[in-house]
Amino acid sequence: MPKTRLGRICVSAIRRLVVRGRPGPFDVEVFPSVRARLYPASNRCEKRAVAGVQLFDFGERMALREACLSSSSEPFVFVDLGANVGLYSLWMVSVAREANRPFQGLAVEPDPETRARLEDNLAASGASDIVAVAPVAVGETAGRGAIVTHGQNRGEHMVRAAEASDADTVEILTVQEICARHGISRIDAMKIDLEGHDEGALRGLFSGAPDTLWPQLIVVEAGKGVDLPPVVRLCLDNGYRLDRRTRLNALLTRASRPS
């Protein structure tokens, strides 16, 4: 289907026919050379990838593709904060393979079940050796958190500060602490979708990390409002340029790459 309003309507109708009355999973080649096992009944992004995946965050994916193909970094380093089941990471694996580019990925996902789906998708795509998985949450400072679940969409699970009564908690680390654990000293591109914690995570990065960890390209959730959200203004205040806004995200690039 074409990337038009009519195409989106047709894809939506096909998708409803495919998943109606079927809880899944569905095994799909989501992008060239990469595969995913999708559970659309419980996760909106997985539902979007069952059919019409060419429409999935098209502008964001094209920007990341261009960043990878035009970069001289070897390997190209992509960090996926709030990775969900890994669709962005899988896309970057597909891009790097097609271009025969050295690639290193880091996918950060604190929720155990969602992370298990992510790890299964990486394994099914033969990408477990080039995309590491960090089982932690991301914050402005380190600490402990508890996952607040969303009943119908795993992608909207959130992390709050842990309380003494919480039986199950997750570790919260800053971006730089997570990168240090995985031997990453440079980030070329980053996608960040932390359900309300994006600004804090980036504030911690800008205030405490070396310049080399400041990504050349940031894809961050910006919502549908006309006004720039605080997370975008934070990036602008730290030397980034707003290239464009998509339906839900902002694409920001650094004015210059640090030496």
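## A guided tour

Visitor: Are phenylalanine 31 and tryptophan 91 buried or exposed?
Guide: Buried means under 20% relative accessible area, exposed means over 50%, and partly exposed is in between (1.4 Å probe, protein chains only). On that scale, phenylalanine 31 and tryptophan 91 are both buried.

Visitor: Before we go on, what kind of model is this?
Guide: Residues are numbered from 1 along each chain as its sequence is written, and side-chain values use heavy atoms, with hydrogens and water left out. Local features need pLDDT of at least 70, side-chain atom pairs count only at pLDDT 80 or more, and totals for chains, interfaces and linings use all residues; the model itself is predicted.

Visitor: Which kind of ring pair do phenylalanine 31 and tryptophan 91 make?
Guide: Rings of Phe, Tyr and Trp (for Trp, the six-membered ring) pair if their centres lie within 6.5 Å; planes under 30 degrees apart are stacked, over 60 edge-to-face, and the rest tilted. Searching the whole structure turns up four aromatic pairs. In the pair of phenylalanine 31 and tryptophan 91, the centres are 5.1 Å apart and the planes stand at 70°, so we call it edge-to-face.

Visitor: What lies over the face of tryptophan 91?
Guide: A charge sits over a ring if NZ of Lys or CZ of Arg is within 6 Å of the ring centre and within 35 degrees of the ring normal. Over tryptophan 91, at 4.5 Å from the ring centre, we find arginine 61.

Visitor: How many residues of strand 3 are buried?
Guide: Look at both sides of strand 3 (residues 76-81). Phe76, Phe78 and Asp80 point one way, Val77, Val79 and Leu81 point the other way, and all are buried. Strand 3 is mostly covered, then, and the count is six of six.

Visitor: Which residue in strand 4 stands opposite valine 77?
Guide: Two strands pair if DSSP finds at least two bridges between them. Strand 3 and strand 4 (residues 103-108) pair in the parallel sense, over six bridges. Opposite valine 77 stands glutamine 104.

Visitor: How wide an arc do the buried residues of helix 8 cover?
Guide: The buried residues of helix 8 are Val231, Val232, Leu234 and Cys235. They sit on the same side of helix 8, because the arc around the axis (taken from the directions from the axis to the C-beta atoms) is only 155°.

Visitor: Is leucine 236 buried, partly exposed or exposed?
Guide: Leucine 236 is found in helix 8 (residues 230-237). Contact means heavy atoms within 4.5 Å, and beyond four places in sequence leucine 236 is in contact with Leu228, Arg241, Leu242 and Leu252. Its relative accessibility is 32%, so leucine 236 counts as partly exposed.

Visitor: How many residues form the hairpin link between strand 12 and strand 13?
Guide: Six of the six residues of strand 13 are buried, so the rest of the structure largely encloses it. Strand 13 runs antiparallel to strand 12, with five bridges, and arginine 244 has leucine 251 as its bridge partner. Strand 11 also joins strand 13 antiparallel, through five bridges. As for the hairpin between strand 12 and strand 13, the link is three residues.

Visitor: Which strands stand at the edges of the open sheet of four strands?
Guide: The strand order is 6-9-7-8, with mixed pairing. Each edge strand has a single partner strand, so one side is left without a neighbour in the sheet; the edges are strand 6 (137-138) and strand 8 (158-161).

Terms used
Helices (H or I, at least four residues) and strands (E, at least two) are DSSP runs, numbered from the N terminus.
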